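Subject: Structure handover, with notes on the aromatic rings

Dear colleague,

I am passing on the structure below, which you have not worked with before. Please look through it first, and then read the notes that follow it.

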Amino acid sequence: RFVLVHEMAHVKRFDALTQLVAQIAIAVFWFDPLIWLAAHRMRVEREHACDDYVIRDGTKPSLYAGELLEMVQSIGAPTRESAAPAFAALAMARRSEFEGRMLAILDSRQNRHTLGRRSAAAAATLFFALIIPLAAMRPFGARSASAATVGNAEKKATTHASAGRDGRPNLDYSPTFCDSAISVRSQQVTNLVHTDSGDEDGIPVLEYLSYAPSRCAQAAFVGKPVFQNDRLISLDDESYVTITEVTRSSNRSVRITRRPNGTLEFASRRNGAAAPFDDSMRSWLSWLLSEVLTESGVDVPQRVARDMARGGVGAVLTRIEGIKSLSSRRDHYEALLDGKPLTSAEYDRVARHAALYLASSPSDLNPVLERIAAGPAKGTKSLGQAVATLGRAQEALATALDAALDKSHSSSDTAAALTQYGVTDDPEMLLLALQGAADITSDTDKRTLLQTLAAGSLRRSNATLRKAFFDAVATMTSDEDIRVVLQTALPYGHSDPLVTKNVLKLVGDLMTSDDDKRVVLTTATAQRLIKTAELRADFMTAARTMTSDSQFSIVMQSLLIK
């Protein structure tokens, strides 16, 4: 009866409709974590409200809590297999947030009455009194009636109605993001690069934005400007460049266009007023333009060639150390490695350097290490050189992983770093991630990591990866987390019986809870993995470590049935 009351409470409250609205909001604003949090809290409070309906209907809280607990525990239990699918379909039987619901049900101080009409009207009035002014607020004030909004930083050039000298429409790009961003005290340096190839309107656009605690820089290259030695040398008729830098004390900008005779025209402004393009502005533009082009990855091969001519590999690596954009760092490494062949010592130096400066981004590090492993052009290496370069790449992987872990300050951070290196499906990186899993102190974080690495580690029938995986499992102490990991591993026993053998061994040697042992062993029989006499013997060895006669009986029955 209480199940029906709970579910009918959902109907009475129109929860299906509010859930649909929440899902639409998530679909539209999927990038906003607050939307996900709000939807989660709404779901939790919805279950609390329906629990209150059941208690108001006359059900004793202790009876309701006990029956609900038994229902949740029965899901998946062999003795209640017929009821489990029906119970699992009910939202009220979900395990998530279950502890909070139990505490709320048993809390005698809870006010379980619904709002009256007056209270609801007062709450609605207060809600709209707060939300309407809040919705009308803007995070930054507009500088002028014609100023673009902050979102203009992400738009490409827009076409205005005014005509140019040749009768064609002018393209106007007026970056204003820095004017607003500088008022926000950002605690980190953030670089953003956006490119539009011009497939739709034929005019390519590159936008650059960098903001830090006390400085913001923004640039836009519209059309096809030509650069040489990190300097702008020419523009075509449809091209122009705008560069802005805003600090706490000044605001400087330059707009570069092409005169009819082909020369460049520089229109500069300082603190909102027109200013002469003098030596000071020229020096500032030269410095900032070099930064923008470097961080945006423009003309990387030419820049690397200049650095090599000036100071060799060391000069290139020094430049890379000052680059904040990981993708630009990768481009500079690749340009260095794609140039003239390096010496063995130089390859070693680049490998160690890339491992440190691309440690946080395996997707950027991998292509660089592949080039290091390749060494000089194909067909020009001896077998010894090939082995040496491959060894350098593997050593660099370990260095990169160590560098990433050095930056971790918690168990979850370590697990996150190892996950990045394990999802690449590279056997060497998988092995390093599995070996690093032993250093994770939290069994929950270790469980999550091993669940992620299970597919890459166990589907190959690779003895080294298999051993590393189960060695990592053996460092866990929580039976519940061990059970989850072993259940994740079991399906790979269909193609590799040694996976099943390792699971059965850990059940007997590592786990202490008969309930968790029973779940793993019955999962193995349900998946029909006990196919050989050897596995049957291992299964019986693990089952005999159980002390509960009832749990042992369930396991034996599952073996007989399967």
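In these notes, a residue is called buried under 20% relative accessible area, exposed over 50%, and partly exposed in between, with a 1.4 Å probe and protein chains only. This is a predicted model, in which local features need pLDDT of at least 70 and side-chain atom pairs count only at pLDDT 80 or more, while totals for chains, interfaces and linings use all residues. Residues are numbered from 1 along each chain as its sequence is written, and side-chain values use heavy atoms, with hydrogens and water left out.

Rings of Phe, Tyr and Trp (for Trp, the six-membered ring) are paired if their centres lie within 6.5 Å, and planes under 30 degrees apart count as stacked, over 60 as edge-to-face and the rest as tilted. On that basis, a search of the whole structure gives five aromatic pairs. One of them joins Trp30 and Phe31 edge-to-face, with 5.7 Å centre to centre and 85° between the planes. Trp30 is exposed at 57% relative accessibility, and Phe31 is exposed at 54%; together with Phe29, these two residues form one aromatic cluster.

Phe266 and Phe277 form a stacked pair, 4.5 Å centre to centre with 5° between the planes. Phe266 is partly exposed, with a relative accessible area of 29%, whereas Phe277, at 18%, counts as buried.

With kind regards
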